[in-house]
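Open the structure in your viewer and keep the selection tool ready. Each stop below says what to select and what is there.

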Amino acid sequence: MDYRYLGQISCEALRSLDHAQCKELCAEIRQEMIRTVTNNGGHLASNLGIVELTLALHRVFHSPKDRFIFDVSHQCYVHKLLTDRHQAFETLRKPGGLSGFQKRSESEHDPFGGGHASTSLSAALGFAEADRILGRDSFTVAIAGDGAFTGGMIHEAMNNCRDGLRLIFILNENEMSISPNIGGFARYIANVRSNEGYFGTKRKVRKALSAIPGIGKGMVRFVSRQKSRLKNLLYSTNYFENLGFYYLGPVDGHDIARLERLLSEAKESDRPTILHIKTQKGRGFFPAETDPGAFHGVAAEGSKKLISFSEHFGQTLCELAEQDASLCAITAAMADGTGLVPFSKAHPDRFFDVGIAEEHAMTYAAGLSAAGAHPVFAVYSTFLQRCYDQLIHDVALQKLPITVAVDRAGLAVGDGPTHHGIFDVSMALSLNGSQIWAPLSFAALDEILPVAVTSADCDFVRYRSGTELSDADLRLPYISKEHMIRGTDDAEAALIVLTYGQITEEALSARKIAADKGIHLRVIALEKLRPDAMMMQTLISLIPPRAKVVFLEEGVRNGGAGMQYASLLAEHGIRCKVLAISDPTVAFRADESPYKTMGISSDNVLQAFEIEI
């Protein structure tokens, strides 16, 4: 689309716009984001809420010399539009296109990559300290929503901030109130502290006192201390000031003029500064304003709305909780995404949303378990990575029974490497005694979940984003119900693919292509991944003598199920080639499927068997 300002002026030229022009540019940005995100999918509400702030940042600071580090960075779309990526914005979240997050390899305006919450201030602190060490005069600005503020890393980083750093932390309050000061006087002080006259007078007094020979700097420090003491008597301090930050706000995050004044004041401080703003998620798009949760993540246009594994899991867990009063559910700010909203309504006294604090969630689950409850922690596979220490130290070493519902298992085509769910199996297999389940259908999930929640061990139940395998005849029949092994009916086939999870579809696709060439290829899918002696005995009985075996895995190669099964089969003289993900950082390409990019497609299966494609 053709715009008057968006894409027509450089990042530097933004400073020449008056505030009326800025308002028009903000409207253009919102229009472009709504158009692109509703078409491609992505994070909409959070980006609509941060338009004015991002524009103000680019008008006050000088990117890329000054750096902006967005927490999670799913709200960096405005930043991309204002820098060097407007022309490519229509490729957002498409294979080979722009990332939905900040990405260092994508632009010099992205100083630090993101994808997970609460990392921004730690990274920004590192940049600021490096600037001090190397004598640079750059500013580093970290921008985090109040959701990310529930994560412990933010507070750990705040504890390490110190004077003399050119560091600014913007706390964007857009969902939950964390303001320590409320009422009319707090609003009055906030208005005074964001007034042009206040800052102008303050600068003049500071300059005049500093000019006094010999005693000027001491007088500046004295007056500053007395001002702070008087303010504390009238207004009290807040959490941030007690930690040594210069605190500004709260202020309307949609008022560009005020934002620019406060950001300019923050640049004058000799202390790390916190600017506390309040914004409206979904601003400028009525459906997102009225229901920002529904528009946090938007599906691509044309996507079919089907019952997902997450939703079916939530329904089944509700039913199980009716029969077991010890069953409880935990989420780390993902009640909707993990299907736990019905549970939260049906069993509010047994539902716990701990905020974006996965590490705490896992140890909390361990405590519940040790005290006799049975916790079910529903978490995306990519965020489970943050709990590995807690899994080892707090769960496995104490042999505590908990259930981990691993959502979004597999490659994340839209979100990319930061959100791939490909490490959970290798993590779980490293913990002795844990069982890993990989249901292919809702019916299988209904069979598995009651077993998992009554297990005496830590059990992982992993499932894909989205719904069941799409075609009814892809729901493979059991060939060993006891060991949860499914398979196609060509038992005498000399070519066998072992697999599990959603990539079973690639294996079945390879089987169909081979069949069209008159070649029999059998697919065996595992729904219980940790092998024991009896299971291996059954599996070996399903493999004819001299058969060629390929293990196809949508997970990392090192430490994965494929490597373990290949080793066990080798003990019985069966050679097994493993197709798994060797490099999880590889970016998807526009001209091929994500599975092929990763070397785990149906074509790769056929090549492994030396079948001509």
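Is Ile392 buried, partly exposed or exposed? Ile392 counts as partly exposed because its relative accessibility is 33%; buried means under 20% relative accessible area, exposed over 50%, and partly exposed in between, with a 1.4 Å probe and protein chains only.

Before moving on, note that this is a predicted model, in which local features need pLDDT of at least 70, side-chain atom pairs count only at pLDDT 80 or more, and totals for chains, interfaces and linings use all residues. Residues are numbered from 1 along each chain as its sequence is written, and side-chain values use heavy atoms, with hydrogens and water left out.

**Stop 1: a surface patch**

Stay with Ile392, which is in helix α17 (residues 388–396). Helices here are DSSP runs (H or I, at least four residues), as are strands (E, at least two), and they are numbered from the N terminus.

**Stop 2: salt bridges**

Side chains of opposite charge can pair when their charged atoms come close. A salt bridge is a side-chain nitrogen of Lys or Arg within 4 Å of a carboxyl oxygen of Asp or Glu. By this rule there are 26 salt bridges.

Select Glu52 and Arg30, whose side chains form one of them at 2.9 Å, N to O. This pair links distant parts of the chain, as Glu52 is in helix α3 and Arg30 in helix α1 (residues 19–40), 22 residues apart. Glu52 is buried, with a relative accessible area of 7%, and Arg30 counts as buried at 9%.

Next, select Arg162 and Glu129, a salt bridge with its closest N and O atoms 2.9 Å apart. Arg162 lies in the loop between α6 (152–158) and β4 (167–173) and Glu129 in helix α5 (residues 120–134), so the pair ties together parts that are 33 residues apart in sequence. Arg162 is partly exposed at 39% relative accessibility, whereas Glu129 is buried at 16%.

Then pick Glu358 and Arg386, which meet in a salt bridge of 3.5 Å, N to O. Glu358 and Arg386 are both buried. For a network, select Lys80, Asp84, Arg85, Glu106 and Asp110, which are joined by salt bridges that share partners.

**Stop 3: packed helices**

Two packed helices are described by the angle between their axes and the distance between the axes. Axes are lines fitted to C-alpha atoms, for helices over the stretch in contact, and angles run from 0 to 180 degrees between N-to-C directions.

Select helix α3 (residues 51–60) and helix α11 (residues 256–268), which pack at about 45 degrees with their axes 9 Å apart. That angle makes α3 oblique to α11; angles under 35 degrees count as roughly parallel, over 145 as roughly antiparallel, 65 to 115 as roughly perpendicular and the rest as oblique.

**Stop 4: a residue inside**

Finally, select Phe343 in helix α14 (residues 341–346). Phe343 is buried, with a relative accessible area of 0%.
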